[in-house]
Amino acid sequence: MAHRPSPEGRASVVRQKSVFLNLPYDARFRTLFLAVAGTSAFGLIPRATLEIPGSARRLDRIVTFMESCRYSIHDMSRVQLDRRTPPTPRFNMPFELGLAVGYHTRRANREHTWFVFETRPWRLQKSLSDLNGTDVYTHGATPAGVFRELLSAFVRHHHQPTVRQMTVIFEALRKNLRPILRETGGASPFETSVFRRLSVYASALADELVKR
Amino acid sequence: MARAVITTDFASPAETAQALGVSRANREKLVRMAELAISRTRSHRGKAKSNGAPTVSRRARKRR
């Protein structure tokens, strides 16, 4: 008889493959597609706060959610003021990075690895100087740059993806957003059900393209 | 640069769907969509290679 892992065992395996995405969301969904494509190409499961229902106490859910992920990626590119009045910077991303650093430091076995991404070189030294001495992955806001930096951050001994493969997944996500929106009745990938289906679609693409 | 070495095996679409709470029927639909998308890119690549013609951009073609 085949051995079936216990629910705790399964949760632990899923945790080892999960990446918490802490990203700015743009109107053309580029950052989201890039992150989902890139992490799926590494055989990882993307998770985002988009999955958190509005009714739950958000902070508690974010903490639990982050702790259920082995890795986290924090893009600190959004430092400007937003256009809506009153103009304010968005503090959510640096705050969530702080939560991840705190979690990593608190855990005795350091079972959480976090990465900081930025668009422009040296800007983080100004915007968040507490992180001086930390490796920052500077992607220049281009798809190839993001994928290159993901290849610098993650390594797989088997099925290491290439920038080309990640680009194919990224393009397929962009092209097939419409049928997924139609299926879910959603208006944008920032909705939970759309994000989840996009992630499964990206995983299926990676399975076809990278794993085989 | 610090690098994380991923030692776990590749997350399958089934595993991803289960973790994210996507139903089996929807997962199967998405897998079929992915197979189709990849087969299209593969056949396109094959075609480009088989005719032996150099890749010429639209702009370059106009210039000819």
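**The sheet of chain A and its surroundings**

Tyr71(A) has Thr113(A) of S4(A) as its bridge partner. Strands here are DSSP runs of E of at least two residues, helices are runs of H or I of at least four, and both are numbered from the N terminus. The pair belongs to a parallel pairing in which strand S3 (residues 71-75) of chain A is joined to strand S4 (residues 113-118) of chain A by five bridges. Two strands count as paired if DSSP finds at least two bridges between them.

This is a predicted model, in which local features need pLDDT of at least 70 and side-chain atom pairs count only at pLDDT 80 or more, while totals for chains, interfaces and linings use all residues. Residues are numbered from 1 along each chain as its sequence is written, and chains are lettered from A and ligands numbered from 1 in the order in which they are written.

S3(A) and S4(A) are part of an open sheet of five strands, ordered S2-S1-S3-S4-S5 (chain A) and paired in parallel. Strand S2 (45-48) and strand S5 (136-138) of chain A form the edges; each has a single partner strand, so one side of each has no neighbour in the sheet. From one strand to the next, the twist averages 30°.

Helices pack on this sheet. H2(A) lies across strand S1 (18-22), S2 and S3 of chain A and runs at about 145° to S2(A). Helix H4 (residues 92-106) of chain A touches S1, S3 and S4 of chain A, and its direction makes about 150° with that of S3(A). Such angles run from 0 to 180 degrees between N-to-C directions, with axes fitted to C-alpha atoms, for helices over the stretch in contact. Contact between two residues means that their C-beta atoms, placed from the backbone, lie within 7 Å.

H2 (residues 30-41) of chain A also meets helix H9 (residues 192-211) of chain A: their axes come within 8 Å and cross at roughly 45°. H2(A) and H9(A) are therefore oblique to each other, that is, neither under 35 degrees (roughly parallel), nor over 145 (roughly antiparallel), nor 65 to 115 (roughly perpendicular).

**Where chain B meets chain A**

In all, 27 residues of chain B are in contact with 32 residues of chain A. On the chain B side, H2(B) gives the most, with 10 residues. Strand pairing also links the chains: three bridges join strand S6 (residues 154-156) of chain A to S1(B), and the two run parallel. Within that pairing, Val155(A) is bridged to Val5(B).
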